[in-house]
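Hi,

Here is the structure I promised to pass on. Have a look at it first, then read my notes below.

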Amino acid sequence: MKQIDECKEILADPYAYAVRFKAESRRKMVGTFCSYAPEEIIAAAGAHPFRLFGTGEKIRLAEAHLQSYCCSLVRGALEDALVGRLAFLDGVVFPHTCDSIQRLSDIWRLNVRHCFHIDLILPVKLDTPGARQYFVDVLNRFRGELGEKLGAAITDDDLRGAIVLYNRIRGALTRIYDLKSDRPEIMKGSDLYALTRAAMIMDRTRVASLLEEVASELERNGAAGAAAGPEKEERPVSGVPKKRVILSGGVCNYPDITTIVEETGGAVVGDDLCTGARYFSGLIDENADPLTAIAGRYLERVVCPAKHRGLTDRADHLIRLARDKKAQGVIFFLLKFCDPHAFDVPYLKEALDRAGILSMVIEVEDRLPAGGQLRTRFEAFLEMI
Amino acid sequence: MAQIDEAKEKRKIKAVAKMKEIMTAYYIEAKTAEQAGKKVAWITSGGPVEPLIAMDVIPVYPENHGAMIGASKMGVDLCEKAEAMGYSSDLCSYARTDIACAPINGGPIGGLPRPDMLVCCNNICGTVLKWYEVQARFFQVPLFILDTPFCHTGFSEEARRYVRGQITEYIAFLENVCKKKFDTDRIMEVGKLSLEGQRLWQAVLDTAMNRPAPLSAFDAFFHLALIVTLRGTQQAVDYYKMLLTEMRERVAQGIGAVPNERYRLLWDNLPVWYKTKWLSEKFASQGACLVADTYTTAWCGSMRYIREDDFLDTMAEGYSRIYLNIGVDEMARQVIEMADKYDVDGIVMHSNRSCKPYSLGQYDIQRIVREKMGLPTVMIEADMVDARNFSESQIETRIDAFIEVLKERKS
């Protein structure tokens, strides 16, 4: 699909895209690291939220600021900033997430001086009225600070416009994910990855239309396909139905994972990833007070392990998701040194075991294991399903 | 021979015996709490213990247990057990060892007493949140979380409101679990005792400003136990009065922790619990005394925010603005202040794999201290409880080289 190609082109060099887009649109570029960053407020200010994902280069300069026992997302982001690859950024926003991001915020503030810096100290607890109020208070402060830094106040109408835009993006992504889940063969996992990632990097107005076009086309093809006969495309050449799996973890920069799953007889039919479903799960109430509504979405959407919302929220969600998508297995993708995710694995595994859902864990530091390691492991796992 | 022994005996701190006695009695009381009809709360080291004392709940500190596990050299085995349970070896070793202990009553005292409740304050780190979630699921007991927003450059009004509101929720939580009313007079008493204890602890640490310092950071790591676990009790106040008296006597008699104190150093980060003796002797053998540290001062550092007459209100800020909950630049400022106050010649930084909030940022603090004061720093890469991360030869080499640098600078 040409829309997928458009996304892939951008993803081939996101920073080059950012520089180009900035020159064309004259928008201020605001870097974020986390799916709790309220992009709606950034967009409402007329600025462009640009998600950062670590670096593809070797760590050299960041060594002088961060020990090795820190995840590659944090070290990589600092590396790119120090080397000067992020000169296009006008500002960065650091929502409170984990201990490493917390310290990255300080180290960044002290060493990366070319862009403005805002801390967004969101609550860790998301399940009390006090936390809810505090969340709204923090967003209010952010609205003021950001407006000041960008030289323009953010109005309620600005916010409403951004909310509508983001609902379109999230709604379209949800439709695409659901379509792929129903019929995995309609799109490669790496293509879905390209669309989702582009949604965090590209001009949001363009991406909303692009995603809606893709969703509509898939729906049309689906209707045509259904008319031709539902059984036809579901079985690959071998005649064996695909094993359905869910991918669960934090930041995942590796579309190859879904490719290898596909090549070994499986299909990723859903995810609980920071850079996947958590980014687009949950719409915002367009009829309520905008800031309260935005806070509501972040308080209620699928929870990240660095936040607290009850003791079994994540397990309940994962099991519900697996059952909903008729998945037989869960692949946990962990980034080395990511504490919040690593702490949850034993209890999630136990909950899945009790629900009769198989799981496995892969841990990556900054690149996928070489050779056929992953292939072998996935083959073995899918065989057990 | 007899003279050397006598000097060594004189150098030993007498209060040590009393501390051991108090801590033994404390753990016995905690382990027999149920028989005595008392409730036990597990609480984080930076957590608000005063309301527990006011409610007659016995506070137990899994982190203190972690230190004991490290000191008893039981850390590696328990870490391996945690890894067998599925917990990554990169996670905090306090958390790993405590999680491994729970189902088997492991550790040097046959396990901690079962908690009736868990109190988790994330002012020290985000790890405690996950750790206490694990334990809440394991023990099936109520969990209270005090969420203290990070103070990168200050303490906002909305954070103050949020934390103060949670203190109220905390009290309601305690009333619910203990099935009795919170005594607002008692908390005032406990608050007073807490502040008095903190003032005394600061005074004890301040005696190290003298030359020679009567106690080193390694001594402070040991005597710290009561201000952490029994802050707000008369017992803690009495103990630190006694310790302060002894320190003052030592100052009067010129008794130093290190014979022939030549170099005065500041320690940063948690102790390496299974190597305190080795490190202490290594530095002492070169005439180096750790006269100050950022870890033990953390339990009297928030005094400036707390008012006796308004304890509950000011507690919110006091607990939010502790050393680990502030920005790296503010930490550097405090290190410089301490280095100046205790007149140190250099900094010893423990780059502790288990503690990201304490360790990430050390390189920048090192740089700032070098730029502002010209002081040299040595980095010791290790872990507070997991001995697999301690390379003795590498660290010995580093310390030797550092002493050479100090020697050069003095000449």
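Let's start with a term you'll need: the radius of gyration here is taken over C-alpha atoms, and the rule for a globule is 2.2 Å times the number of residues to the power 0.38. Keep in mind that this is a predicted model. For the 411 residues of chain B, that rule gives a radius near 22 Å for a compact globule, and chain B comes out at 21 Å, so the two agree. Its C-alpha atoms fill a box of roughly 65 × 50 × 50 Å along the principal axes.

Chain B holds 18 helices and 8 strands. Buried residues account for 54% of its 411 residues. If you take the contacts in chain B between residues at least 6 apart in sequence, 78% of them join residues at least 24 apart.

**The sheet in chain B**

In what order do the 4 strands of the open sheet in chain B lie? The order is S6-S5-S7-S8, and the pairing is parallel. S6 (288-293) and S8 (377-382) of chain B are at the edges with a single partner strand each, so one side of each has no neighbour in the sheet. From one strand to the next, the twist averages 30°.

Zoom in on S5 (residues 263-268) of chain B and you'll find 5 bridges joining it to S6(B), the two running parallel.

H15 (residues 328-341) of chain B lies across S5, S6 and S7 (346-352) of chain B, at about 155° to S5(B). H18 (residues 392-410) of chain B lies across S5, S6, S7 and S8 of chain B, and runs at about 170° to S8(B).

**A bent helix in chain A**

Now hop over to H14 (residues 339-354) of chain A. At 1.5 Å a residue, its 16 residues should span 22 Å, and the end C-alpha atoms are 24 Å apart, which agrees. Where does H14(A) bend? The bend, about 40°, is at Val345(A), and a proline, Pro346(A), follows within four residues.

Several residues of H14(A) are buried, among them Phe343(A), Val345(A), Leu348(A) and Leu352(A). The cover over the buried residues of H14(A) includes S5 (243-249), S7 (329-335) and S8 (358-364) of chain A, and also H7 (127-139) of chain B. Just after H14(A), Gly356(A) has a positive phi of about 75°.

As background, most residues other than glycine have a negative phi, and most peptide bonds are trans. With that in mind, look at these spots:

- The peptide bond from Arg211(B) to Pro212(B) is cis, with omega near -5°. Pro212(B) sits in the loop between H9 (184-206) and H10 (217-223) of chain B.
- Lys179(B) is not a glycine, yet its phi is positive, about 55°. You'll find Lys179(B) in the loop between H8 (157-178) and H9 of chain B. Is Lys179(B) buried or exposed? Lys179(B) has 8 other C-beta atoms within 10 Å, so it counts as exposed, the cut-off being 12 or fewer.
- Asp343(B), also a residue other than glycine, has a positive phi near 55°. Asp343(B) belongs to the loop between H15 and S7 of chain B. With 13 other C-beta atoms within 10 Å, Asp343(B) is partly exposed.

Happy browsing!

How values were computed:
Residues numbered from 1 in each chain as written. Chains lettered and ligands numbered in written order. Predicted model: local features only at pLDDT ≥ 70, side-chain atom pairs only at ≥ 80, totals over all residues. Buried ≥ 20, exposed ≤ 12 C-beta atoms within 10 Å, placed from the backbone. Contact = placed C-beta atoms within 7 Å. Pairing = 2+ DSSP bridges. Axes fitted to C-alpha atoms, helices over the stretch in contact; angles between N-to-C directions. Expected span 1.5 Å × (residues − 1). Bend = angle between axes of the 7 residues up to and from the residue.
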